Amino acid sequence: MLLHNPDAPDQGAHNLTVYIVDDDPSVRDALGLLLGVRGYRTAVFASGEAFLQAWRPSWRGCLLLDIRMSGIDGLALQQELARQGCRIPFIIMSGHGDVGTARAAFKADAIDFLEKPFDDTKLIAAIDEALLRARSEQSEQQRRSRHASLLGELTPREREVMDLVVLGRHNREIGPALGISVRTVEVHKARLMAKLGVDNVADLVRISMLENEP
């Protein structure tokens, strides 16, 4: 892996990198230079295999993938990454664009399909869109992690009360169901909502739904 511009002020500050995977050294060099002078943090790889060997789940950013490479091609690489749980947004590059290939790329949820030689404006627009998606995904993951941490602070009884609240049960129903008084239900409910930083049942339901999403 060759890393360019590791101190880029915008993408670097968010730990976002443009990962360039292409078996043509001239393309790698040109893209690294173009993006580097524009302030993007980049890392280049000469093959899909090299990227797979180096990839870490902590990496954030977007992928520029050549669709035709010796060994594993761009789409096959993306499919393998998805199988491993990698959700980095990707852009497909091709020197031999055709409708079928473009359709396959978009079906795999590519941000864009760019033909070589590149239109710099379209390339930058596609990268910015991919990084915007990456930032959104990163924020969502951080939010889920924060909620999971807060839920972990609930006592078993508070969790039981919460589970019944989000099912739409009233305090007068929860008490008998758990063998406690309505007043005790109110105390547990107040405490769990304070721990989760919510002040209404709607937000409590939202946190519960996030926990159950894949």
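**Entry 1: Gln78**

I looked up Gln78 and found its place in helix H3. I keep in mind that this is a predicted model. Is Gln78 buried or exposed? Its relative accessible area is 13%. Buried means under 20%, so Gln78 counts as buried. Next I asked which residues Gln78 is in contact with, leaving aside its neighbours within four places in sequence. I found Leu65, Phe90 and Ala108.

**Entry 2: strand S5**

I checked burial along S5: five of its five residues are buried, so the strand is largely enclosed by the rest of the structure. Which way do the residues point? I saw Phe90, Ile92 and Ser94 on one side of S5. Ile91 and Met93 point the other way. I noted the general rule that side chains in a regular strand alternate between the two faces of the sheet.

Then I looked for the pairing of S5 with S4. The two strands run in the parallel sense, over four bridges. Opposite Ile91 of S5 I found Leu64.

**Entry 3: Ile92 and the cores**

Leaving aside neighbours within four places in sequence, I listed its contacts: Leu65, Ile67, Gly74, Leu75, Ala105, Ala110, Asp112, Phe113 and Leu114.

Ile92 also turned up in the largest nonpolar core, which has 23 residues. Which members touch the most others? I wrote down Tyr19, Val21, Phe51, Leu63 and Ile92. H3 gives the most, with three residues.

**Entry 4: helices H6 and H8**

Last, I turned to a helix pair. Two packed helices are described by the angle between their axes and the distance between the axes. I looked up both values for H6 (residues 156–165) and H8 (residues 182–196). The angle is about 90 degrees, and the axes lie 9 Å apart. H6 and H8 are therefore roughly perpendicular to each other.

Which residues make the contact? From H6 I noted Arg157, Glu158, Val161, Met162 and Val165. From H8 I noted Val185, His188, Lys189, Arg191, Leu192, Lys195 and Leu196. I sorted the residues of this contact by type: six are nonpolar, one is polar and five are charged.

Terms used. Residues are numbered from 1 along each chain as its sequence is written. This is a predicted model: local features need pLDDT of at least 70, side-chain atom pairs count only at pLDDT 80 or more; totals for chains, interfaces and linings use all residues. Side-chain values use heavy atoms; hydrogens and water are left out. A nonpolar core is a set of buried Ala, Val, Leu, Ile, Met, Phe, Trp, Tyr and Cys residues joined through side-chain atoms within 4.5 Å. Buried means under 20% relative accessible area, exposed over 50%, partly exposed in between (1.4 Å probe, protein chains only). Contact means heavy atoms within 4.5 Å. Axes are lines fitted to C-alpha atoms, for helices over the stretch in contact, and angles run from 0 to 180 degrees between N-to-C directions. Angles under 35 degrees count as roughly parallel, over 145 as roughly antiparallel, 65 to 115 as roughly perpendicular and the rest as oblique. Ala, Val, Leu, Ile, Met, Phe, Trp, Tyr, Cys and Pro count as nonpolar, Asp, Glu, Lys and Arg as charged, and the others, Gly among them, as polar. Two strands pair if DSSP finds at least two bridges between them.
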